[in-house]
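Keep the sequence and the 3D view open as you read.

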Amino acid sequence: MAGIHITDIEAAINFWRGRRPSPDGVSLAPETRALAEVYALLVYHRESEADEATMPPKAYAAWKAWYDTTPDTPCIAICSTSQGDDICKGCGRSFDEVQHWPGMSPGEKRATWRRITLEASAWRFDRYAERAAENRGAAEPSVAGGQ
């Protein structure tokens, strides 16, 4: 299984803080608390990822609720892997990632999203950024955190 990056956990915390804010400025909603515990352990141990398979169930459920608000695929409908490229010029995924996407876990998909976002070399980040933004606007009603 893949690791869930600390930035995704932070985005999920912010998602839940917006959805269920603290009534008194001190107490946390159960989802925020579960995610905050994972976040604190990552910081304490100087880790950047939590193992998707061993994440506490309440924290994983809270993270997955945030994940479900993000776009599933980075595809912008310009797939050069179908033309023989090893890496898609449109979205930045490898041929293998494109082929296995439906069977990938949420953590594996987010790891791919993180990689292509950091590389920022795919057309979705420059040439066709408007198309990606249009797709994102239609697909994600309330995303907290960066893609």
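## How α3 meets α5

The helices α3 and α5 are oblique to each other, because their axes cross at roughly 55°. Oblique is the class left over once angles under 35 degrees are called roughly parallel, those over 145 roughly antiparallel and those from 65 to 115 roughly perpendicular. Those axes come within 11 Å of each other, and α3 passes α5 in a left-handed crossing. Left-handed means that the near helix is turned anticlockwise from the far one by less than a right angle. Axes here are lines fitted to C-alpha atoms, for helices over the stretch in contact, with angles from 0 to 180 degrees between N-to-C directions.

Which residues of α3 and α5 meet? Tyr60, Trp63, Lys64, Trp66 and Tyr67 of α3 meet Pro106, Gly107, Lys109 and Arg110 of α5, where contact means heavy atoms within 4.5 Å. By class, this contact has five nonpolar, one polar and three charged residues. Ala, Val, Leu, Ile, Met, Phe, Trp, Tyr, Cys and Pro count as nonpolar, Asp, Glu, Lys and Arg as charged, and the others, Gly among them, as polar.

## About the model

This is a predicted model, in which local features need pLDDT of at least 70 and side-chain atom pairs count only at pLDDT 80 or more, while totals for chains, interfaces and linings use all residues. Residues are numbered from 1 along each chain as its sequence is written, and side-chain values use heavy atoms, leaving out hydrogens and water.

The protein has six helices and two strands, and along the sequence they follow the pattern β-α-α-β-α-α-α-α. Helices (H or I, at least four residues) and strands (E, at least two) are DSSP runs, numbered from the N terminus.

## How α1 meets α3

Now look at the pair α1 and α3. Their axes come within 9 Å and cross at roughly 85°, so α1 and α3 are roughly perpendicular to each other. Asp8, Ile9, Ala11, Ala12, Phe15 and Trp16 in α1 meet Ala62, Trp63, Ala65 and Trp66 in α3. This contact has nine nonpolar, no polar and one charged residues.

## The nonpolar core

The largest nonpolar core has 19 residues, and Ile9, Leu35, Val38, Met55, Trp63 and Trp66 touch the most other members. Such a core is a set of buried Ala, Val, Leu, Ile, Met, Phe, Trp, Tyr and Cys residues joined through side-chain atoms within 4.5 Å. At least two core residues come from each of α1 (6–19), α2 (30–44) and α3 (57–67); α1 gives the largest share, seven residues.

Leaving aside neighbours within four places in sequence, Met55 is in contact with Ile4, Ile9, Leu35, Val38, Tyr60 and Trp63. Buried residues make up 39% of the protein's 147 residues. Buried means under 20% relative accessible area, exposed over 50%, and partly exposed in between (1.4 Å probe, protein chains only).

Most residues other than glycine have a negative phi. Where does Arg46 lie? Arg46 is in the loop between α2 and β2 (49–51), and has a positive phi of about 55° although it is not a glycine. Arg46 is exposed, with a relative accessible area of 78%.

Ala120, in the loop between α5 and α6 (129–139), has a positive phi near 50°. At 37% relative accessibility, Ala120 counts as partly exposed.
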